[in-house]
Amino acid sequence: MLKICTHSGSFHADEALAVYLLRSLKKWTNSTLLRSRDPAKWEEADIVVDVGGKYDDVKFFDHHQREFSTTFSDKYQTKLSSAGLVFKKFGKEVIAEKLNWDLNEESTNINILYEKLYKDFIESVDANDNGVSNYENTNERKFNDKNFTLASVVSNLNPLWVDEPTDADFDKQFEKASEIMGQVFDNLLLSYGRSWLPAKQFVEKAFDERFQAHPSGKVLVFDRFVPWKEHLYGVEIANKCHGEILYVLFPDSGNNWRIAAVPVSSSSFESRKALPEPWRGLRDEKLSEAANVEGCVFIHAAGFIGGANSKEGVLKLAALAVDN
């Protein structure tokens with residue numbers, strides 16, 4: 001039976017995730033977990049994470065050494081934690097096994113998800129454990145998110161000192177922390193692998209047919225909702241027309257349709273061209289009168305999203321917005 005070892009005592013998000021990733025592989029499914037700072041236990045184990053004082057990419061995956069400077073690739077500056085080290089080594093295998101993909105046949109898609117999962121999730125775990133702030137000036141915070149982050153959720157699972165916890169108490173709570181970190185990783189992987197990645201073909205199709213939606217080519221129409229933002233930016237860049245698409249149309253619940261103004265970035269509420277100011281904040285009949293389009297439902301006060309009760313309605317809104 002294979003043995004995984006990490007340190008005993010207080011635990012953190014990085015080794016909780018690292019252990020989960022290892023256990024999720026078929027090879028390590030039935031492995032035993034040791035939590036110890038005893039060098040004899042390290043030698044006894046088959047793999048050692050977040051402890052041991054060295055990194056060899058074979059058995060030892062620690063990042064606390066003074067000379068340690070390993071990053072995920074040359075594209076990143078964040079030093080890896082134990083989570084990043086394990087993901088860098090085994091991430092592609094984890095992705096392939098969890099999605100039931102062949103490592104060779106699906107290598108292109110696996111590489112895309114490998115990079116995206118690190119960029120969108122694992123790097124933040126690495127940064128947190130290495131004390132890297134996401135902001136240059138941490139004194140100007142609009143609110144306190146100390147207990148909102150995954151790292152703090154894991155930290156708060158550590159036993160209370162007033163209870164004089166034993167190693168067994170820490171081990172029990174570590175299992176909960178590892179499961180939480182693993183569930184988040186699994187949900188993200190499944191979302192990217194089964195939803196985000198397949199959506200690209202729909203974005204490419206809508207882009208190719210954009211002049212059918214409006215003569216300007218600045219409007220995309222989807223016959224169903226898909227996660228489109230990041231793919232749209234990539235498709236634009238590939239076609240050397242970055243920034244040209246202004247509005248995206250897609251079906252909503254029932255027979256309703258939505259019109260979305262394309263944001264300047266995937267995480268921004270600032271639009272390339274917001275829906276016309278006179279429409280913003282209006283609903284139903286008042287909006288239909290202001291836009292001179294039947295069946296309008298709403299336009300958000302910020303002008304980044306709106307709706308009508310038909311495809312024809314949002315097409316008319318888009319045409320008016322493009323020409324406005």
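## The second largest pocket

By class, nine charged, seven nonpolar and three polar residues make up the lining of the second largest pocket. Here Ala, Val, Leu, Ile, Met, Phe, Trp, Tyr, Cys and Pro count as nonpolar, Asp, Glu, Lys and Arg as charged, and the others, Gly among them, as polar.

This pocket has a volume of about 410 Å³, meaning the space filled by probe spheres set on its grid points, which are joined across faces, edges and corners. A pocket is an open set of points on a 1 Å grid over the protein atoms alone, where a 1.4 Å probe fits, with protein on both sides within 12 Å along at least five of seven lines; lining residues have an atom within 4 Å of a point. Of the 19 lining residues, Ile 112, Trp 196, Glu 230, His 231 and Gly 234 are the closest to the centre.

## Where it sits

Why does the second largest pocket lie between domain 1 (3–131 + 154–194) and domain 2 (214–323)? Because both of them give residues to its lining; the domain bounds come from an automatic or database domain assignment.

Helices H4 (107–129), H7 (199–208) and H9 (229–238) each supply at least two lining residues. Helices (H or I, at least four residues) and strands (E, at least two) are DSSP runs, numbered from the N terminus.

## About the model

This is a predicted model, where local features need pLDDT of at least 70, side-chain atom pairs count only at pLDDT 80 or more, and totals for chains, interfaces and linings use all residues. Residues are numbered from 1 along each chain as its sequence is written, and side-chain values use heavy atoms, leaving out hydrogens and water.

The chain has eleven helices and nine strands.
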